[in-house]
Amino acid sequence: MNVSRLDRTGSGVLRALRRPAPPRAERCAFCGTGLAPGHRHLADTADRALVCSCAPCALLLERPGAGGGRYQGLPGRVLSDPGHEPDAGLWAELRIPVSTAFVLRNAALGRPVLCYPSPAGATESEIDDRDWRQLLAGSRLAAALRPDVEALLLRRTRDPAGGERTAGFLVPVDRAYELVGRMRLLWRGFDGGAEARAALDAFFTALTAEAGPLTGPGATTVRPPEPDEPEEPGA
């Protein structure tokens, strides 16, 4: 077999190809304007996706009836419910293979959706009606979720004595997908690795500091919907 050595020009080309591509600047999905970090997102309820938006386009599309109601702005609230955390045994019932998951209520599907981070991104988990009802009935935060735009973010942790607890936060749905993106970038090996676990700890430490307590009408709405019962708008 003949082997040809690359000249300096060829080696330079290979080094250039191995370099990661520079991140592309994010732009508004509607008008193409360049966006700064921390820009707005809208929920695309038809495609079950999040789209980046500049402030003017977001204001336009959030108006009642605009775009056929396809796009919804994400609320900014982050809430916890101290003293009413999900039962630790629920995690085994849900059969989630990792320590973090999130639930959102999808209006188009007419049911909740459970996802968890993985090396491939957000993985959707199949769950039966009984488990859904147990989860929703036991969480005031889940009952307060706004469909399509908010998520109940759950994290299971173990204490030194071997016990378990599950913390829950109501967050804008893009915060849940932000965590999924971080885990996808940092995931190493079978369990994610030390760097991913450190990023997970930092994310939830910041979320705990940011969260306010659940108060108001949402705190008293604990009855989950019947399996075939249509959900009330804004429930």
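A contact means that heavy atoms lie within 4.5 Å. In this model, F102 has such contacts with V113, L114, C115, A151, L152, L153, A176, Y177 and V180, leaving aside residues up to four places away in sequence. The model is predicted, so local features need pLDDT of at least 70, side-chain atom pairs count only at pLDDT 80 or more, and totals for chains, interfaces and linings use all residues. Residues are numbered from 1 along each chain as its sequence is written, and side-chain values use heavy atoms, with hydrogens and water left out.

**Overall fold**
- The protein chain contains 7 helices and 10 strands; these are DSSP runs (helices H or I, at least four residues; strands E, at least two), numbered from the N terminus.
- Of its 235 residues, 39% are buried, that is, under 20% relative accessible area with a 1.4 Å probe, protein chains only.
- Among contacts between residues at least 6 apart in sequence, 62% join residues at least 24 apart.

**Nonpolar core**
- A nonpolar core is a set of buried Ala, Val, Leu, Ile, Met, Phe, Trp, Tyr and Cys residues joined through side-chain atoms within 4.5 Å.
- The largest one has 48 residues, and I96, F102, L153, F204 and L207 have the most contacts inside it.
- Helix α7 (residues 193-210) gives the most to this core, with 6 residues.

**Cysteines**
- The structure holds 0 disulfides, a disulfide being a pair of cysteine sulfur atoms within 2.5 Å.
- The sulfur of C54 is too far for a bond because its closest cysteine sulfur, in C57, is 3.5 Å away.
- C54 is buried, at 9% relative accessible area, and C115 is buried at 5%.

Conventions
Buried < 20%, exposed > 50% of the residue type's maximum accessible area, 1.4 Å probe, protein only.
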